[in-house]
Every structure is written in structure tokens, then in C-alpha cells.
Amino acid sequence: MRLLSVLLLLGAMTATYAKQTCMVCDSTLDPYCGDEYTLRSWHYRSCPLGLRDGCSKEKTGGEISGVVKAKVRRSCGARFPTNNCHIRKDKDSKGRDVYHYACSCIHNLCNSASGISVTLSLLAAALVKHLV
């Protein structure tokens, strides 16, 4: 009976997380979305059908008048085929150095600063061990 309960629980967890869920925000509109990320419930989004291949985090910035400015955007959809990051340096229209940093990942909520997806996996494993 315990094994059946465990299997039903794991099945429910799998069904719940079958859809891709990512953190979606933009630091220009939301100060909690910056590089020093503060997890907020309103950032959680179920991704639309065409963007369920992963999550992304992009950071663009540069130095303006001696002050480093950066914009962070977290979104649905993987920009790259696997867990991967790319860094690119450019010049803006005034010749200043600008960098663009983008990462993609494939697990739910993987573009947040916390290890939520790992924590859920560990919790499920501990629950199975305890009940069996």
C-alpha cells in the first residue's frame, strides 16, 4: 500500500511539472529581477506551448560615465539547445564596451537563483526512502 501511495505521489508531481515553468521578469521594470535575484511568486510562469524547451537568463550591460549598468531578463524558451551560456562583447553607438551574457537551461525554474528543481528532486527521493 505504501508503494502505491509513493507511486501516485510521484505521478502527481510529474504531471504537475510536465509543463515548463520558468521565472519571467525584466529588471528594468522590476527591481527584484536583477542579478542579485530575489525570488518572487509573481515571476513564476507556465510557459506557452512553443516555449517549453527550457528557460533563459540574459544580462546586458556596460559602463556609462564610470558607473556599471546592467539589465537582466528571465524568460521562457531556451536560446541554446542544451544547458549552455554565451558571452559576447560589442560596442554601442558611442563606442563604449557593452557585454551580452545569455544562458539557457532545461529544468523547471532553472533561471532563478535558487535550487528549487534540485530541492524538489531531493524531497521526492527522501519521501520515497522514508515510505518504502
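User: How many bridges join β4 to strand β7, and in which sense do the two run?

Analyst: This is a predicted model, where local features need pLDDT of at least 70, side-chain atom pairs count only at pLDDT 80 or more, and totals for chains, interfaces and linings use all residues. Residues are numbered from 1 along each chain as its sequence is written, and side-chain values use heavy atoms, with hydrogens and water left out. Strands are DSSP runs of E, at least two residues, numbered from the N terminus; two of them pair if DSSP finds at least two bridges between them. β7 covers residues 97-105, and its link to β4 is antiparallel, with 8 bridges.

User: Which residue is the bridge partner of Cys55 in β7?

Analyst: β4 spans residues 55-64. Across in β7, the bridge partner of Cys55 is Cys105.

User: What is the strand order of the open sheet?

Analyst: The sheet has 5 strands, with antiparallel pairing. β2 (25-26) and β6 (84-91) each have a single partner strand, so one side of each lacks a neighbour in the sheet. The order is β2-β5-β4-β7-β6.

User: Which residue in β5 stands opposite Cys25?

Analyst: β2 and β5 (residues 67-76) run antiparallel, joined by 2 bridges. Opposite Cys25 stands Arg74.

User: Which residue takes a positive phi in the hairpin of β4 and β5?

Analyst: β4 and β5 pair in the antiparallel sense over 10 bridges. One of the bridge pairs is Ser56 with Ser75. The hairpin has 2 residues between the strands, and the positive phi, near 55 degrees, belongs to Ser65.

User: Is Lys57 buried or exposed?

Analyst: Lys57 lies in strand β4. That strand is mostly covered, with 7 of its 10 residues buried. Buried means under 20% relative accessible area, exposed over 50%, and partly exposed in between, with a 1.4 Å probe and protein chains only. Lys57 has 18% relative accessibility, so the residue counts as buried.

User: Which side chain joins that of Lys57 in a polar contact?

Analyst: Contact means heavy atoms within 4.5 Å. Beyond its neighbours within four places in sequence, Lys57 has contacts including Asp35, Arg73, Tyr101 and Asn111. A polar contact is a pair of N or O atoms within 3.5 Å; within protein, one must be able to donate a hydrogen and the other to accept it, and residues adjacent in sequence count only if both atoms are side-chain atoms. At 3.0 Å, the partner side chain is Asp35.

User: What is the handedness of the disulfide of Cys85 and Cys103?

Analyst: The S to S distance is 1.9 Å. Cys85 is partly exposed at 40% relative accessibility, while Cys103 is buried at 13%. The torsion about the S-S bond is about 110 degrees, so the disulfide of Cys85 and Cys103 is right-handed.

User: Which pattern do the disulfides of the protein chain follow?

Analyst: The structure holds 5 disulfides. Among them is Cys105 to Cys110, S to S 2.0 Å. With bonded cysteines counted along the chain, the pattern is 1-5, 2-3, 4-6, 7-8, 9-10.

Technical notes
Helix = DSSP H or I, 4+ residues; strand = E, 2+ residues; numbered from the N terminus. Disulfide = S-S within 2.5 Å.
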